[in-house]
Amino acid sequence: MKVLPLSSLVLLTFASLSPLTFDLSPERLTAVRALPPEIAGRFRDLANLQQGSDGGYLAFDRRAHAVHRIDAAWRASAPIVVIGPAQGELLQPSAFDAGGDQFVVSDAPFGVDRIQVFFKDGTAMGAFQPRVRSLPRLTLGSTVMNGAGSLEFTGGTILLSEPDTGWLVTEYAVDGKPLRHFGRLRPTGHEQDTDAHLALNTGVPLAARDGGFWFVFQAGVPMLRKYSRAGDLEFERHIEGAELDPVIAALPQTWPRRRVGADRELPYIQPTVQTAAVAPDGRLWIALTIPFVYVFDANGDKAMVVELYGAGRIRPASLAFSRTGRLIVTPGGYEFEVPAKNRAAPGSTP
């Protein structure tokens, strides 16, 4: 009988307990369809583009305070919600999401957060104010990325990132009734600075395909969590890769502060994650603030690294998926065919 040396036994034992992981080289995806110039040129800031249940598309123009409807062929566009402070109009909007025959927009007329629910043709169905939130807000440029700016519409409820409640996620009914909170805040090492601690616990809440939820932290060390339907933590993963290494190495431990109002200053914390979306096959797509998209399978394992190209290299502002599984990206308005299966890491078993 051949006896293996002790060093080999140690390596075999380590390998069986902690499988080696490999960085994935970026895969280039080129758009298969783009909004024609005569339609794309109508938008001042195309912040989100999603396909509705009838095959048409809804385009959220944040800077114009409007939502447009685009036909399935991308040949015609018309506004269905326009600027204004009244219910059924938009003023200072920050986020948009669609589900089924409805869509939801958060705005802030006169500085007060408001969430409105619309039917697919732009008919107003209702509005409510989420809980009065304490600052800070996480922003990227003029975009609010937490609170009402983190909106996810599941088709029946609305998810918001509200760490100032003491929990990562608040789930609201469409009439504005808070249903529950879930997700414990992560330790940040900045618990003594409440504003920084809360900003580092902001993120993107998403409905998973199995009835549970994803949460992707947007600032500080990039991480994701998966929660069950009941809101219990299933697992947590660090978001890592060669593309992110310089970003993580440069993360600050102190931040400049900006004055808000007459007597308060808040830390100015830049996000590391722009947005995220769940594909029909259950994979989680995460757009970084650098021009790469990381794709994770339903178990939280990294499956792909993607670079997106339209007229040039794209840094996505929003991600969504069509009824046929194509990736829809703004700015610009593009569709991409995506690989149907995860790429296997070198040395792994397909």
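1. pLDDT is the predictor's confidence in each residue, on a scale from 0 to 100. The structure under review is a predicted model, and its chain averages a pLDDT of 86, with 85% of the residues scoring at least 70. Over residues 1-21 the pLDDT stays under 50, and the model has two contacts beyond four places in sequence for this stretch. Residues 343-350 likewise stay under 50, here with nine contacts beyond four places in sequence. Where pLDDT is low, the predicted coordinates should not be read in detail.

2. A search of the whole structure returns 16 of them. One of these pairs arginine 257 with aspartate 195, whose closest N and O atoms lie 3.7 Å apart.

3. Lysine 226 has a relative accessible area of 2% and is buried. Glutamate 234, at 45% relative accessibility, counts as partly exposed.

4. The strands around that pair form an open sheet of four, in the order E17-E18-E19-E20, with antiparallel pairing. Strand E17 (203-207) and strand E20 (233-238) are the edge strands, each pairing on one side only. From one strand to the next, the twist averages 15 degrees. Strand E19 (residues 223-227) and E20 run antiparallel and are joined by five bridges. Leucine 224 stands opposite arginine 237 in E20.

5. Which residues are linked with Arg326 in a network of salt bridges? The network comprises Arg33, Arg326, Glu335 and Glu337. Within this group, the side chains of glutamate 337 and arginine 326 meet at 2.8 Å, N to O. Glutamate 337 lies in the segment after strand E30 (334-336), and arginine 326 lies in the loop between strand E28 (318-321) and strand E29 (327-330), so the pair ties together parts eleven residues apart in sequence. Glutamate 337 is partly exposed, with a relative accessible area of 43%; arginine 326, at 23% relative accessibility, also counts as partly exposed.

6. E28 and E29 run antiparallel and are joined by four bridges. Serine 318 has threonine 330 as its bridge partner in E29. Five residues lie between the two strands, and in this hairpin glycine 325 takes a positive phi near 90 degrees.

7. Are the faces of E28 covered or open? Both faces are covered: Ser318 and Ala320 on one side, and Leu319 and Phe321 on the other, are all buried.

Definitions and conventions:
Residues numbered from 1 in each chain as written. Predicted model: local features only at pLDDT ≥ 70, side-chain atom pairs only at ≥ 80, totals over all residues. Heavy atoms only, no water. Salt bridge = Lys/Arg side-chain N within 4 Å of Asp/Glu carboxyl O. Buried < 20%, exposed > 50% of the residue type's maximum accessible area, 1.4 Å probe, protein only. Contact = heavy atoms within 4.5 Å. Pairing = 2+ DSSP bridges. Axes fitted to C-alpha atoms, helices over the stretch in contact; angles between N-to-C directions.
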